[in-house]
Amino acid sequence: MDTVIPPTIEVHLTPADLRSAMEADVRSGLTSSPKQLPPVYFYDDRGSRLFDEITRLPEYYPTRAERSILEAHAKDMVAGAGADVLVELGAGTCDKTRVLLDAMRDSGRLGTYIPLDVSDTTLWEAAVALSEEYPGLAVRAVVGDFHAHLDHLDAPDRRLFAFLGGTVGNFAPDQRTTFLAGLAATMRSGDCLLLGTDVIKDRARLVAAYDDAAGVTAEFNLGADFAPDRFAHVARWNEAEHRIEMWLRSLDDCRVRVADLDLEVGFAAGEEMLTELSTKFSVEALRDELEACGLVVEDSWVADGDEFVLTLARLH
Ligand code: SAH
Ligand code: AVI
């Protein structure tokens, strides 16, 4: 009978590091044109709870679609990857991860789980819960930034890197290229990537998923601190870039003061600030991007109705 192994946590990004990165990003983002802020700062404790709420909204199909693919094919994914170590980028609450861990356990491959996330409380709570649910599993939580700390995810055995939820779609194209090349550079021959991506589909369905009737996505994008009564949440499909863009639109001429930075910026009535991108992919375009980084696609699985795709690619 396996015993419970207490989880460990490594911190490569302290609250002070995150705070100084945020100050620099807020200063440059609010003084650029158009104004923009990176979405990483959404995921404080409150934002992580709001995202969890988003995943259960009737309009937000990606989480359910990805879960259904995992439930149908996790066994094949685990067998295909042949790994005893699961590394997960942007793991969040690790909810869907359990489907992969169940398949690893059933195939006798449950070794080590290394989740990485910026959201320390959410990560630690998930790490504790998973250690208890999966006796024999070593959980090594890593607080870090997936744009900076991929080289802290090493393990002696073959690794399966999971990047689920479609989070890679939140990167700008150049950021995505740099990320995928950096990830491939940290992988060893034989390691695999299991990548979850949303698929290009009907515009109305996409917009609804990012502008839900209950207003949860608006609350997630507005944040507690950005004078929500003065800004509206706008979700728009950008056909040329095949992505949903989320903007905050100023309802009036106003000035926003960021006291900590001694910064005051003006917004004209109707001016928009970019808060998030959510890119949607075709299976072929994704394959090309992965192969350009030396990752060879071995299999892919789509949800009913082609809503979402999970791709397994290996570094040779
Ligand atoms: N994988 C989960 C969560 C997706 S939400 C799912 O599929 O449902 C995106 C996750 O990425 C959040 O947990 C957030 O905290 C994390 N995240 C966002 N930016 C990050 C960054 N720069 N580095 C590491 N984690 C990040
Ligand atoms: C985490 N990421 C994949 C979500 C998405 O669908 O782009 C974030 C999100 N933003 C608003 N709703 C969901």
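Modeller: What follows takes the labels one by one for this predicted model.

Colleague: Why is Lys201 called buried?

Modeller: Its relative accessible area is 17%, and buried means under 20%, so Lys201 counts as buried. Lys201 lies in the loop between β6 and α7 (203-209).

Colleague: What makes the pairing of Lys201 with Tyr61 a polar contact?

Modeller: The side chains of Lys201 and Tyr61 make that contact at 3.1 Å, and the cut-off for a pair of N or O atoms is 3.5 Å. The Lys201 side chain also reaches the backbone oxygen of Glu307, at 2.9 Å. Leaving aside neighbours within four places in sequence, Lys201 is in contact with Tyr61, Leu206 and Glu307.

Colleague: How do you know that Glu88 has no salt bridge?

Modeller: The nearest side chain of opposite charge is Lys96, 6.8 Å away. A salt bridge needs a side-chain nitrogen within 4 Å of a carboxyl oxygen, so Lys96 does not qualify and Glu88 is buried without a salt bridge. Glu88 sits in strand β2 (residues 85-89).

Colleague: Which side chain does Glu88 join in a polar contact?

Modeller: That of Tyr113, at 2.5 Å. Beyond the neighbours within four places in sequence, the residues in contact with Glu88 include Thr97, Ile114, Pro115 and Leu164.

Colleague: Why is helix α4 said to be largely enclosed by the rest of the structure?

Modeller: Helix α4 covers residues 97-106, and seven of its ten residues are buried, so the description follows from that count. The buried ones are Thr97, Arg98, Val99, Leu100, Leu101, Ala103 and Met104.

Colleague: Which elements do the buried residues of α4 pack against?

Modeller: They pack against helices α3 (62-81) and α5 (120-133), and against strands β2, β3 (112-117), β5 (159-163) and β6 (192-198). After α4 comes Gly108, with a positive phi near 70°.

Colleague: Why is Val11 called partly exposed?

Modeller: Val11 has 48% relative accessibility. Exposed means over 50% and buried under 20%, with partly exposed in between, so 48% puts Val11 in the middle class. Val11 belongs to strand β1 (residues 8-11).

Colleague: What makes the nonpolar surface patch that includes Val11?

Modeller: Ile9, Val11 and Trp124 make the patch, which is about 250 Å².

Note on methods
Residues are numbered from 1 along each chain as its sequence is written. Chains are lettered from A and ligands numbered from 1 in the order in which they are written. This is a predicted model: local features need pLDDT of at least 70, side-chain atom pairs count only at pLDDT 80 or more; totals for chains, interfaces and linings use all residues. Side-chain values use heavy atoms; hydrogens and water are left out. Patches are made of residues with over 30% relative accessible area and no salt bridge: like charges are joined within 9 Å, nonpolar side chains (Val, Leu, Ile, Met, Phe, Trp, Tyr) within 5 Å. Accessible areas come from the Shrake-Rupley method with a 1.4 Å probe; for residues, only the protein chains shown count as cover. Helices (H or I, at least four residues) and strands (E, at least two) are DSSP runs, numbered from the N terminus. Buried means under 20% relative accessible area, exposed over 50%, partly exposed in between (1.4 Å probe, protein chains only). Lys and Arg count as positive and Asp and Glu as negative; His and the chain ends are not counted. A polar contact is a pair of N or O atoms within 3.5 Å; within protein, one must be able to donate a hydrogen and the other to accept it, and residues adjacent in sequence count only if both atoms are side-chain atoms. Contact means heavy atoms within 4.5 Å.
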